[in-house]
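Please read the following report alongside the sequence and the three-dimensional structure shown here. It covers charge pairing, a surface patch, strand pairing and some backbone features.

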Amino acid sequence: MKRLIFLLPIFLGLNLNFAQNKVSSELKNVDIETLVDENINASTLSSFLNVLASDEYEGRETGQEGQRKAAAFIEGKFKEWEIPPVEGFGYQQPISFFTEKWYNLEFKVNKEDFSNMKDFYAYPSTNRPLDPIETKKIYFMGYGIDDPAYSDYQKNKVKGKVILIYEGEPVDANGNSLITGTKDLSDWSSDFRKKLLAAKANGVEAVIIIDSQLRNNIGKNRNLILGGSNKMGELENANGIYPNNIFISATVGKAIVGDNIDKIVAAREAISKGEKFKKVKLKGDFKLTFDKQEAFLQGSNVLAFIEGSDPKLKDQIVVVTAHYDHLGKRGESIFNGADDNGSGTSTVMAVAKALDAAKDTGNGPRRSVLCMFVSGEEKGLLGSKYYVNHPIFPLENTVVDINVDMVGRIDKKYEGNPNYIYVIGSDRLSTELHEINEEMNREHTQLTLDYKYNDENDPNRYYYRSDHYNFAEKGIPAIFYFNGTHDDYHRPSDTVDKIDFEKMAKIGKLVFYTAWEIANRDKRIEVDVKD
């Protein structure tokens with residue numbers, strides 16, 4: 001059997017730099033091909049996928065029991081293979097996301113209904129779900145500022161009240177801010193949250209802010225106002241640090257003020273003259289409804305870390321990713337996700353097994369390899385997004401991301417010919433990454449490498465649609481292996497019986513050899529492609 005012996009061979013057709021950067025001859029000779037064949041094969045892949053894509057795992061939807069079962073299964077294999085846990089994390093990195101949006105946001109003045117996103121708006125992030133607020137009194141409180149240089153709250157008690165305030169801050173007859181004493185405005189004008197915190201400190205129940213640029217602000221902040229997208233971390237107003245708040249147009253402001261407009265104008269003029277502000281009571285029938293939906297998503301990225309053997313290189317990390325989540329259940333239908341992405345998950349599990357087997361012989365990779373199984377991909381690449389924002393290992397030490405997403409089927413273009421793979425992103429940031437993948441394929445797998453979906457004008461935009469992209473966005477070279485779509489894509493019919501495990505094994509070997517080459521070279525691959 002041919003052995004893979006690293007003695008700096010020079011291959012015909014390769015440029016000199018690539019040849020010089022082949023893995024070091026200092027690496028002990030080891031029958032890597034035997035290890036790869038023993039660990040990345042159809043039988044092994046089938047044993048993994050038949051579990052992951054079984055009905056018991058209920059489609060592995062992030063945040064659901066099926067996803068947790070899948071994570072436990074993958075972790076159990078790492079323990080079985082005696083891959084050590086990641087220090088400080090174990091085998092899983094918890095991920096936390098939330099969504100928030102308005103279910104019903106209403107504002108009534110004297111029984112007149114005003115329209116959300118036309119007459120008023122409110123940010124879900126600075127509000128909480130509340131029972132409707134009904135009151136006969138609203139208090140005009142100037143600019144809602146409480147500062148040593150100027151305060152609207154002095155001797156104006158508004159605990160438990162709803163207040164109406166202007167945006168911005170007061171200026172004198174010369175246009176100088178009463179807070180800064182110059183024409184430069186303070187952060188009371190630029191940060192409305194500061195006014196909310198002042199209102200909270202003074203016991204205010206809710207704040208209504210007159211927004212003179214309401215239409216423009218709705219246009220600029222539409223996504224933030226509508227909400228509904230997944231966000232990392234915790235709810236901003238989970239602990240009620242702000243009173244609930246709403247922004248209104250001048251038209252709504254006039255409806256609130258009614259016949260008290262002269263009092264409001266007089267109060268504003270008094271402020272500009274440096275006189276102490278006195279609150280103005282506004283009577284009427286007012287109703288505010290803050291009916292907000294909040295949803296929380298808890299998942300985890302599962303980690304297999306094979307520490308590098310070279311003291312000088314082991315702090316550099318080669319990341320190999322696959323998302324293990326899928327769509328879960330819809331009614332009685334289970335979306336098993338055998339190809340998407342049970343195939344990629346099983347492949348990367350086998351790659352981790354082979355890397356660990358190499359290490360057990362005393363000939364492991366020189367750089368460290370993190371095989372990471374991310375959840376939340378189907379919810380918007382959440383697991384990989386979480387990792388790059390909360391990396392376990394420094395991103396500046398991350399050499400590459402090798403991503404495997406759907407590698408078990410054959411699309412219509414290659415019907416009858418399973419020996420292909422679409423390669424996406426390999427040359428977007430690093431020409432070396434592209435060359436290495438090409439060379440490893442020539443040496444070991446002889447697949448047809450199709451770059452159709454790597455075209456920047458590809459209407460499918462697959463480069464932006466899997467987990468490698470979150471790494472690439474951080475400037476880390478990334479390569480994505482993909483078999484193309486098929487009629488069972490995102491359907492309950494994406495089942496194990498349609499998987500070509502021999503095809504999967506070939507692609508798994510290409511993934512392994514590409515990772516192995518990058519992990520063992522003397523020189524780190526470079527980012528040499530600029531936008």
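## Salt bridges

The structure holds 25 salt bridges, a salt bridge being a side-chain nitrogen of Lys or Arg within 4 Å of a carboxyl oxygen of Asp or Glu. This is a predicted model, in which local features need pLDDT of at least 70 and side-chain atom pairs count only at pLDDT 80 or more, whereas totals for chains, interfaces and linings use all residues. Residues are numbered from 1 along each chain as its sequence is written, and side-chain values use heavy atoms, with hydrogens and water left out. Side chains of opposite charge can pair when their charged atoms come close.

One of the salt bridges joins Glu61 to Lys379, with 2.7 Å between the closest N and O atoms. This pair links distant parts of the chain, 318 residues apart, since Glu61 lies in the loop between helix H3 (42–52) and helix H4 (65–80) and Lys379 in the loop between strand S15 (368–374) and helix H12 (382–389); helices (H or I, at least four residues) and strands (E, at least two) are DSSP runs, numbered from the N terminus. Glu61 counts as buried because its relative accessibility is 16%, while Lys379 is partly exposed, with a relative accessible area of 31%. Here buried means under 20% relative accessible area, exposed over 50%, and partly exposed in between, with a 1.4 Å probe and protein chains only.

Glu100 forms a salt bridge with Lys292, the closest N and O atoms being 2.6 Å apart. Here too the pair links distant parts of the chain, with Glu100 in strand S1 (residues 92–109) and Lys292 in strand S11, 192 residues apart. Both Glu100 and Lys292 are buried, and a network of salt bridges links Glu100, Lys231, Lys292 and Glu294.

Within helix H4, Glu80 and Lys77 lie three residues apart, about one turn of the helix, and their side chains meet in a salt bridge of 3.5 Å, N to O. Glu80 counts as exposed because its relative accessibility is 53%.

Lys137, Lys161, Lys263, Lys279, Lys281 and Lys283 form a positive surface patch. Patches are made of residues with over 30% relative accessible area and no salt bridge, like charges being joined within 9 Å and nonpolar side chains (Val, Leu, Ile, Met, Phe, Trp, Tyr) within 5 Å. Lys and Arg count as positive and Asp and Glu as negative, His and the chain ends not being counted. Lys137, a member of this patch, counts as partly exposed because its relative accessibility is 37%.

Lys137 lies in strand S4 (residues 130–140). S4 pairs with strand S11 (residues 280–306) in the antiparallel sense over eight bridges, where two strands pair if DSSP finds at least two bridges between them. Thr135 has Phe286 as its bridge partner in S11. S4 is also joined by two bridges to strand S7 (residues 162–166), with the strands running parallel, and Phe140 stands opposite Leu164 in S7.

## The enclosed strand S19

Strand S19 (residues 478–482) is largely enclosed by the rest of the structure, because five of its five residues are buried. In a regular strand the side chains alternate between the two faces of the sheet. From S19, Ala478, Phe480 and Phe482 point one way and Ile479 and Tyr481 the other way, and all are buried.

S19 pairs with strand S16 (residues 398–404) in the parallel sense over four bridges, and Asp401 has Ala478 as its bridge partner in S19. Three bridges join S19 to strand S17 (residues 420–424), these two running antiparallel, and here Phe482 in S19 is the bridge partner of Tyr422.

## Backbone features

A cis peptide bond, with omega of about -10°, joins Asp340 and Asn341, and Asn341 is found in helix H11 (residues 338–360). Arg60 has a positive phi of about 55° although it is not a glycine; Arg60 is found in the loop between H3 and H4 and counts as buried at 1% relative accessibility. Arg461, also a residue other than glycine, has a positive phi near 55°. The loop between strand S18 (448–450) and helix H14 (468–472) holds Arg461, which is partly exposed, with a relative accessible area of 46%.

Conventions:
Accessible areas come from the Shrake-Rupley method with a 1.4 Å probe; for residues, only the protein chains shown count as cover. The place of a charge is taken as NZ of Lys, CZ of Arg, CG of Asp or CD of Glu.
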